[in-house]
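Student: I would like to learn how to read a protein model. Please take it one feature at a time.

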Amino acid sequence: MIRDTLILAACASVIGSAALATEKMRISLQLPLTSHLGENLQLFEKEVEERTGGAIDVEIYDSATLYRDKEVPAAVGSGAIEAGVASLTQYVGDAPVVDVFYMPFLFNTEEKVRAAVAEGSPVREILETEIAKTGGEVLYWQAYGGAILLSQDEPIRTPEDMQGKKARVFGKTLGDFVTAAGGAPTLISGSEQYLAYQRGTVDVGMTGVSGVKSRKLWEVMDTITKTNHANIEFVVVVNSDWWNGLDAETQGHINAAAQVAQDDVRDRMAAIEAEAYAAAGENGMTIVELTDEELAKWQAVSQPVYDSYLAATGEAGRQILDALGVNSGS
């Protein structure tokens, strides 16, 4: 009798433990796990599973094995997957205001970036409210650093060097920037850019320097121009229905894990970029710093991009630029 009772108790314990790990949280990531975003998601996974005692089982699908970057917003919003990582600009079709981070030379200091992405900032609140309309809640932000230009054999130092060249972009506003500089923008997914450079589909590349390292882009491009013309931000987004179906305690644990992961990647971003530049140099890439005069030429051609942003975003865009201290006109 006692033996049977002990067996039943042991079985109940095993069943109870198994039940704790039945809630899956699948996350789609376009980059490899070896990228800094991949490493950051693994930190998030560890924090979530420890804090929830295994009640939430996080599964990371990296390297666009489930969805390409442009497919993530719809996949998360529809509930096809519980969560995904997407560049902010992937939401531009539904929420044009998100492209504020890709406005040329607007976020040219770390202080400006941190103020804009801080919890409760007008910029962040407006953007997250718009993204929520797609069926996805922003769980946390992942820093990716400044945008750079890639080329082969010669640098892209001024807009004159962009004239007539096809350039890889990953968002509408970045495309407007290339157009304003005299180039021809070509929208190419992050996971597909290596082949695009290798095959000569485009003449100029655009990405963050950490992407050069994680994707080994030095195998297909040999020059980096440090324009830092935009600030690249990714967001980890969860399906609203899935999130609302969790109890408050579990949500609290996940939010706490998200805060740890968000702070970690933001605080390490400068070091991550420095390591990536070092790796690029060690692998034979030429790294070009712009002079003040060259930088001024890029800034001079950028005004049409601001005009297009305001035309697409209306009052919401004006509020964001006003919050950032940009004169958005009448």
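Student: How many aromatic pairs does the structure hold?

Tutor: First, this is a predicted model, in which local features need pLDDT of at least 70, side-chain atom pairs count only at pLDDT 80 or more, and totals for chains, interfaces and linings use all residues. Residues are numbered from 1 along each chain as its sequence is written, and side-chain values use heavy atoms, with hydrogens and water left out. Rings of Phe, Tyr and Trp (its six-membered ring) pair if their centres lie within 6.5 Å; planes under 30 degrees apart are stacked, over 60 edge-to-face, and the rest tilted. The structure holds seven such pairs. Phe101 and Phe107 make a stacked one, at 4.7 Å between centres and 15 degrees between planes.

Student: Are Phe101 and Phe107 buried or exposed?

Tutor: Buried means under 20% relative accessible area, exposed over 50%, and partly exposed in between (1.4 Å probe, protein chains only). Phe101 is buried at 0%, and Phe107 is buried at 8%. Together with Trp141, these two form one aromatic cluster.

Student: Why is the pair of Phe177 and Trp298 called tilted?

Tutor: Because the planes of Phe177 and Trp298 stand at 35 degrees, with the ring centres 5.6 Å apart.

Student: In which sense do strands β1 and β2 pair?

Tutor: Two strands pair if DSSP finds at least two bridges between them. Here β1 (residues 23-28) and β2 (residues 56-61) are parallel, with six bridges. The chain passes from β1 through helix α2 (residues 36-51) to β2 in a right-handed β-α-β crossover. Right-handed means that, with the strands pointing away from the viewer, the path from the first strand over the helix to the second runs clockwise.

Student: Which residue of Tyr277 and Lys226 carries the charge, and where does it sit?

Tutor: A charge sits over a ring if NZ of Lys or CZ of Arg is within 6 Å of the ring centre and within 35 degrees of the ring normal. The charged end of Lys226 lies over the ring of Tyr277, 4.4 Å from its centre.

Terms used:
Helices (H or I, at least four residues) and strands (E, at least two) are DSSP runs, numbered from the N terminus.
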